[in-house]
Amino acid sequence: MSVCPCNSEKELDECCGPILAGTKPPPTAEALMRSRYTAYVVKDYPYVLKTCHETTRPEEDEFDDGQAVEWCGLEIKDTEAGGEDDEAGIVEFVASYRSQGALLGLHEKASFIKEDDQWFYVDGDIIKPPQARSEKIGRNSPCPCGSGKKYKKCCR
């Protein structure tokens, strides 16, 4: 037995394994998201394609095994709808991966739709991290000490 890669803390055979094998459908949008992540980890690209909605399904040759991506973890940030009785849902997640020695993350707000009791991934919006702001004080900025003088004439 092994722990499921989707970070559910369940065994693979009790979590995404039956979904990937096709013996159990994913009951929620989040379950589909977790199973798709697991499929990327185990390189089950036919499952990834099969679970894309027909209107947004990529071509099979878009999956390049030569990229040498090592998936490191999945964190579900938020879900909106996507339950067993819903017809649509959104799952916000961060998938961490290592590529060319760098640890990176894919932060996405993914849309899902349920048709004929089957969940499908539709598309996602990438969430970019906020720009780093410099805390550098300009020469003509007010001095942070509160003196009221310009920084260049005070504490510089």
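## Contacts and fold

Among contacts in the protein (heavy atoms within 4.5 Å) with a separation of 6 or more, 39% join residues 24 or more positions apart. The model is predicted: local features need pLDDT of at least 70 and side-chain atom pairs pLDDT 80 or more, while totals for chains, interfaces and linings use all residues. Residues are numbered from 1 along each chain as its sequence is written, and side-chain values use heavy atoms, without hydrogens and water.

The protein has three helices and four strands, in the order α-α-α-β-β-β-β from the N terminus. These are DSSP runs (helices: H or I, at least four residues; strands: E, at least two), numbered from the N terminus.

## Burial

Of the 156 residues, 30% are buried. Buried means under 20% relative accessible area, exposed over 50%, and partly exposed in between (1.4 Å probe, protein chains only).

## Salt bridges

The whole structure contains three salt bridges, each a side-chain nitrogen of Lys or Arg within 4 Å of a carboxyl oxygen of Asp or Glu.

Glu30 pairs with Arg34, with the closest N and O atoms 3.0 Å apart. Both lie in helix α2 (residues 29-41), four residues and about one helical turn apart. Glu30 is partly exposed at 26% relative accessibility, whereas Arg34 is buried at 16%.

In the salt bridge of Lys109 and Glu80, the closest N and O atoms are 3.5 Å apart. This pair links distant parts of the chain, 29 residues apart: Lys109 is in strand β3 (residues 102-115) and Glu80 in strand β1 (residues 69-81). Lys109 is partly exposed at 31%, as is Glu80 at 35%.
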